[in-house]
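Student: Can we go through this one together? I'd like to start with how strands get paired.

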Amino acid sequence: MKTSRLYLGTEGGNIYLLDINSFELQEYIIYQDVVMQSVQEESKTNTGSVEAIQEHPEDANKILIGYKKGLVVLWNHERCSVQAAFTVQSSDQSQEVESVSWHSDGTKFISAHSDGSLTKWTVEGSPEIPTSLT
């Protein structure tokens, strides 16, 4: 499903939406503070800048947001809240997120990290331990 939105992530962690037909910013803004209010306490970190944004392949109301310091959230536009949060960690520290990409069915995604590793995540169902792919 294609939309006419362009997501603009900032160093401060906010996301602005640009209507590509009119080339005007929409009034809807995803504030990092609002995202952090929806994230469970153990996932809260100094998230850093927005590094990756990927629209869900089946539902334009959902996007993945990858923050530099290792937090990835599934944001729901309709509810204006986080649907799920994923913390990327290695044995010694959080890994920086470089990119995220959905599987075509929208039930899983992969995150790419600054150390060259990849992690496969499942969005729904039982909590699974993320699989690192090297």
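Tutor: Two strands count as paired if DSSP finds at least two bridges between them. Keep in mind that this is a predicted model.

Student: Fine. How many bridges join β9 to β10?

Tutor: Five bridges join β9 to strand β10, residues 118-122, and the two run antiparallel.

Student: Which residue takes a positive phi in the hairpin of β9 and β10?

Tutor: G116, with a phi near 90°. That hairpin has four residues between the strands.

Student: And what about β8 and β9, how many residues sit between them?

Tutor: Five residues, again in a hairpin, and G106 in the turn has a positive phi of about 75°. Strand β9 covers residues 108-113 and pairs with β8 in the antiparallel sense over five bridges. V97 has H113 in β9 as its bridge partner.

Student: Which side chain does K62 meet in a salt bridge?

Tutor: That of D59, at 3.9 Å from N to O. K62 is buried because its relative accessible area is 17%, under the 20% cut-off. D59 is partly exposed, with a relative accessible area of 24%.

Student: How many salt bridges does a search of the whole structure find?

Tutor: Three. Another one joins E55 and R5, at 3.5 Å from N to O. This pair links distant parts of the chain: E55 is in strand β4 (residues 50-55) and R5 in strand β1 (residues 5-9), 50 residues apart.

Student: E55 first, buried or exposed?

Tutor: E55 is buried, at 17% relative accessible area. R5 counts as partly exposed at 23%.

Student: What does K68 form a salt bridge with?

Tutor: With E96, where the closest N and O atoms are 3.6 Å apart. Distant parts of the chain are linked here as well: K68 is in the loop between β5 and β6, and E96 in the loop between β7 and β8, 28 residues apart. K68 counts as partly exposed at 26% relative accessibility, and E96 counts as partly exposed at 26%.

Student: Change of topic: how many aromatic pairs does the structure hold?

Tutor: Four. In one of them, the rings of F86 and F109 have centres 5.0 Å apart and planes at 75°, so the pair is edge-to-face. F86 lies in strand β7 and F109 in strand β9, so the contact ties together parts 23 residues apart in sequence.

Student: Why is the pair of W102 and F109 edge-to-face?

Tutor: Because their ring planes are at 65°, and over 60 degrees counts as edge-to-face. The ring centres of W102 and F109 are 5.9 Å apart.

Student: What relative accessible area does F109 have?

Tutor: F109 has 1%, so it is buried. W102 counts as buried too, at 10%, and F86 is also buried.

Student: Which residues form the aromatic cluster?

Tutor: F86, W102, F109 and W121 form one cluster.

How values were computed:
Residues numbered from 1 in each chain as written. Predicted model: local features only at pLDDT ≥ 70, side-chain atom pairs only at ≥ 80, totals over all residues. Heavy atoms only, no water. Salt bridge = Lys/Arg side-chain N within 4 Å of Asp/Glu carboxyl O. Buried < 20%, exposed > 50% of the residue type's maximum accessible area, 1.4 Å probe, protein only. Phe/Tyr/Trp six-rings, centres within 6.5 Å; stacked < 30°, edge-to-face > 60°.
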